[in-house]
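Good morning, and thank you for joining. I should like to take you through one model, beginning with a helix and ending with aromatic rings.

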Amino acid sequence: KSSVSKFTEKFSIRTALVTDLQCSIARDCLQAERSLLLYCKFAATLGFVSLAVLLDYRFGDAQVGKTDTPMSSAKKFSIAVAIIFFCLSMGSLILGVFNYFNNVYHFVNEKTRTGSKVPTNVFLSLVVLALLAVNISFLVDAYK
C-alpha cells in the first residue's frame, strides 16, 4: 500500500478520493471529449457557411433578387455549394459522435488501441476534395 493509504487508515480518514493510479482513463476520456468538441466546432462552422451562402451570399448575378425570373445558374450554384457544406457539417457531427463513443468504449474496457482512423481519414479527404472543387468552380466562374 502507498504511504497515503497507510496514513489515512491510521487516523480513520475517509479515502474516497485517494486511489491507486492504474491507468489514465480519466485523461483519455477528457481527450475524447475535446476531440468531440472540435468536431462540433468544425460542424458549426460549416453549417454557418452553408447558411450564409444559402441566404445572403450571391455569386455574380444581378437577376437573383427578382421574383419574376426563373432560378438562375448563380442561384443554383449557391444552393449546390450550400448543400455540399451542409452535408459536410452533418458528416462532421456524425463522425465526432462515432469517434467519441468508440474511444470511450475502448478506454472503459482498458483496450490500448482506440478506434479506427479510416473513417476520419476518408472524411477529411472528402472535405479537402469538396473545398478544392468549390474553389476551382469559383475560379472557372470568375473567368466566364
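This is a predicted model: local features need pLDDT of at least 70, side-chain atom pairs count only at pLDDT 80 or more; totals for chains, interfaces and linings use all residues.

Residues are numbered from 1 along each chain as its sequence is written, and side-chain values use heavy atoms, leaving out hydrogens and water.

Helices here are DSSP runs of H or I with at least four residues, numbered from the N terminus. Helix α3 covers residues 73–108, and its end C-alpha atoms are 53 Å apart, in agreement with the 52 Å that its 36 residues should span; that expectation is 1.5 Å times one less than the number of residues. Glu110 follows α3 with a positive phi, near 55°.

Next, the cores: sets of buried (under 20% relative accessible area, 1.4 Å probe, protein chains only) Ala, Val, Leu, Ile, Met, Phe, Trp, Tyr and Cys residues joined through side-chain atoms within 4.5 Å. The largest has twelve residues, including Tyr39, Phe85 and Phe123. Helices α2 (25–55), α3 and α4 (118–142) each supply at least two of its residues, and α3 gives the most, with five.

Finally, the rings, which pair if their centres lie within 6.5 Å; planes over 60 degrees apart count as edge-to-face. The whole structure holds two aromatic pairs. Phe77 and Phe138 have centres 5.7 Å apart and planes at 75°, so they are edge-to-face. Because Phe77 lies in α3 and Phe138 in α4, this pair ties together parts 61 residues apart in sequence. Tyr100 and Phe101 are also edge-to-face, at 5.2 Å and 70°.

Conventions. Buried means under 20% relative accessible area, exposed over 50%, partly exposed in between (1.4 Å probe, protein chains only). Rings of Phe, Tyr and Trp (its six-membered ring) pair if their centres lie within 6.5 Å; planes under 30 degrees apart count as stacked, over 60 as edge-to-face and the rest as tilted.
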